[in-house]
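Here is a friendly walk through some local features of a protein model. Have the coordinates open as you read.

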Amino acid sequence: MLEPNFDTVPGELREQEQWVLWKAETRDGDTTKVPYQPSGRKAKSNTPSTWTSFEDVLSAYQGGDFAGIGFMFDENGPYVGVDLDGCVDDGDLTGGAWDVVKHLDSYTEGSPSGTGLHIICRGFLPDLGNRTSDVQGLKELELYEDGRYFTVTGRGLGGEARPVENRAQELYDLCKDVFGEKQAEKQPAPSKPNDVEDRDLVETAKQADDSGKFARLWNGDTSAYADDHSRADQALVNKLAFWTGGDRDRIDQLFRQSGLCREKWTGRPDYRKRTIDK
């Protein structure tokens, strides 16, 4: 197991109220890392009120009741986590892992077991897939932007404390390469506007492989966000940004047709601008 060094965790991540603790527990014969709050109550990946500050989790960890700390990914936030499992052998990276590390070129640290890597960068994931065991030199590759957390060790690759970088296009390219051209051809790269008519765009987005998230948001369903309307607004805008290639006017135009549209969107230009900016 890697000895953590939390002093090297990027300041940008420390500032986020997205931290939890974890304990190793056995479920159905398998060991899993269960997230907790400093109070000792369990934390939930879809409930931000159960997350807290870096300082609070660090203090609780130093009390000795928890195995480590972790960072939760929030769909409303800019962060994406890339998990490279089974890629370190006797301290050396496999070629496949090194290719991913070089391509994303962002904050990278060792996992608690010492056999994997975690990369954190800014961006978002296209609806092409998020998990595969088909990358040479890796036991598994997983990518997350919400609904999960990363255990954090602070043990930067090569002992280096790298910053978190913007890597939206690099994430898109990685997903396209890993999950296949055939799927990727159905969706444009984030930097290219989508010129299909609104109705066709919405129908295409609804049929994308995102477990029905777009359709539920489009229909005004906020249940996946603890009925927090603002978080649901941000989640739909994030998806519209992908499908429109970042066309601000079209994002606004489409959002007004969705079931989430309300007076706060139509009557608050500041709220509209802030949500689309994010």
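Predicted model: local features only at pLDDT ≥ 70, side-chain atom pairs only at ≥ 80, totals over all residues.

## A buried pair of rings

Trp265 and Tyr271 are both buried. Their rings form an edge-to-face aromatic pair, with 6.3 Å from centre to centre and 90° between the planes.

## Other aromatic contacts

How many aromatic pairs does the structure hold? The count is 12. One of them joins Phe6 and Tyr61: the ring centres are 5.4 Å apart and the planes stand at 85°, so this pair is edge-to-face. Phe6 belongs to the segment before helix 1 (11–14), while Tyr61 belongs to helix 2 (residues 54–62), so the pair ties together parts that are 55 residues apart in sequence. Phe6 has a relative accessibility of 10% and counts as buried, because the cut-off for that class is under 20%.

Ring pairs also build a cluster, and its members are Trp19, Phe54, Phe71, Phe73, Tyr79 and Phe150. Another ring to look at is that of Trp22, where the charged end of Lys33 sits over the ring, 5.6 Å from its centre.

## Val34 in strand 2

Val34 is found in strand 2 (residues 30–36). Is this residue buried or exposed? With a relative accessibility of 3%, Val34 counts as buried. Setting aside neighbours within four places in sequence, Val34 is in contact with Leu21, Trp22, Lys23, Glu25, Arg27, Lys42 and Tyr149. Trp22 in that list is the residue whose ring has the charged end of Lys33 over it.

## Helix 3 against helix 4

Helix 3 (residues 95–104) and helix 4 (residues 168–179) pack with their axes 9 Å apart and at an angle of about 150°. That angle makes helix 3 roughly antiparallel to helix 4, because angles over 145 degrees fall in that class. On the helix 3 side, the residues that meet helix 4 are Val100, His103 and Leu104; their partners in helix 4 are Glu170, Leu171, Asp173 and Leu174. Sorted by class, this contact has four nonpolar, two charged and one polar residue.

## Loops and positive phi values

Most residues other than glycine have a negative phi. Against that background, two aspartates are worth a look. Asp105 has a phi near 50°, a positive value in a non-glycine residue. Asp105 is placed in the loop between helix 3 and strand 7 (107–110), and at 35% relative accessibility Asp105 counts as partly exposed.

The phi of Asp227 is positive too, near 60°. Asp227 is in the loop between helix 7 and helix 8 and is exposed, with a relative accessible area of 56%. Thr222 lies in the loop between helix 7 (213–218) and helix 8 (229–243), yet Thr222 is buried, with a relative accessible area of 11%. What does Thr222 contact, leaving aside its neighbours within four places in sequence? The list is Asp227, Asp228, His229, Ala232 and Leu260.

Methods:
Residues numbered from 1 in each chain as written. Heavy atoms only, no water. Axes fitted to C-alpha atoms, helices over the stretch in contact; angles between N-to-C directions. Helix = DSSP H or I, 4+ residues; strand = E, 2+ residues; numbered from the N terminus. Parallel < 35°, antiparallel > 145°, perpendicular 65-115°, else oblique. Contact = heavy atoms within 4.5 Å. Nonpolar A, V, L, I, M, F, W, Y, C, P; charged D, E, K, R; others polar. Phe/Tyr/Trp six-rings, centres within 6.5 Å; stacked < 30°, edge-to-face > 60°. Buried < 20%, exposed > 50% of the residue type's maximum accessible area, 1.4 Å probe, protein only. Lys NZ or Arg CZ within 6 Å of the ring centre and 35° of its normal.
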